[in-house]
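Biologist: I have the structure open. Can you walk me through how the pieces pack?

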Amino acid sequence: MSNGIDVRVDETVIRQGDRLVEVDYIYTETRENGDQRNYQITVKRSDYERLATSMNKSTLSFDKFAKVLRPFMMGKFASEDIPAAFGLLDTDHSGTIDLGELAIFMPVIMPNASPYMLLHHIQKADKNCDYKLNLEEFTSLVNQGIGRDIALGRL
Ligand SMILES: [Ca+2]
């Protein structure tokens with residue numbers, strides 16, 4: 001997480017006409033001792049749709065996926081997008097996101113995300129310990145940069 005680490009996020013969005021074709025996030029993490037690390041996450045519509053079709057799992061459309069991905073990847077730098085992302089993940093409109101709903105976002109970007117790994121991350125923001133996230137808890141998860149940890153496969 002971000003204790004003593006300065007994180008910079010660069011976002012690139014590529015469109016053809018009004019069709020979103022690729023999203024790209026580059027992180028530069030600078031530690032207190034000056035060490036720098038770079039990470040990149042690139043998702044192309046063509047790859048996403050091919051993988052999504054090949055999987056026997058529920059997935060989001062690429063456009064919805066990109067709307068959820070943005071706050072996940074950018075954390076507090078995309079706070080204004082959190083309510084819309086929450087609404088897309090809360091597919092049964094219960095006012096909370098459970099593990100199954102969160103898992104719908106994961107398979108293409110994080111094919112190896114296990115329910116245990118997701119639960120581990122959810123617990124960092126699940127204040128009332130019901131294994132679900134309400135909007136306030138989801139906002140806290142995103143603002144803490146945990147979405148980035150999940151996408152990069154960190155514990
Ligand atoms: Ca729900």
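Modeller: Start with the helix pair: H3 and H6 cross in a right-handed way, where right-handed means that the near helix is turned clockwise from the far one by less than a right angle. This is a predicted model, with local features needing pLDDT of at least 70 and side-chain atom pairs pLDDT 80 or more, while totals for chains, interfaces and linings use all residues. Residues are numbered from 1 along each chain as its sequence is written, and side-chain values use heavy atoms, without hydrogens and water.

Biologist: At what angle do the axes of H3 and H6 cross?

Modeller: Roughly 120°, and the axes of H3 (residues 82–89) and H6 (residues 135–143) come within 10 Å. Axes are lines fitted to C-alpha atoms, for helices over the stretch in contact, and angles run from 0 to 180 degrees between N-to-C directions. Helices (H or I, at least four residues) and strands (E, at least two) are DSSP runs, numbered from the N terminus.

Biologist: Which residues meet there?

Modeller: Ile-82, Pro-83, Ala-85, Phe-86 and Leu-89 in H3 meet Leu-135, Phe-138, Thr-139, Val-142 and Asn-143 in H6, contact being heavy atoms within 4.5 Å.

Biologist: Now the sheet. What is the strand order?

Modeller: S1-S2-S3, open and antiparallel; strands pair if DSSP finds at least two bridges between them. S1 (5–16) and S3 (36–44) are the edge strands.

Biologist: How many bridges join S1 to S2?

Modeller: 12, with S2 covering residues 19–31. Asp-10 has Ile-26 in S2 as its bridge partner.

Biologist: Which strands does H1 touch?

Modeller: H1 (residues 45–54) touches S2 and S3, and its direction makes about 65° with that of S3.
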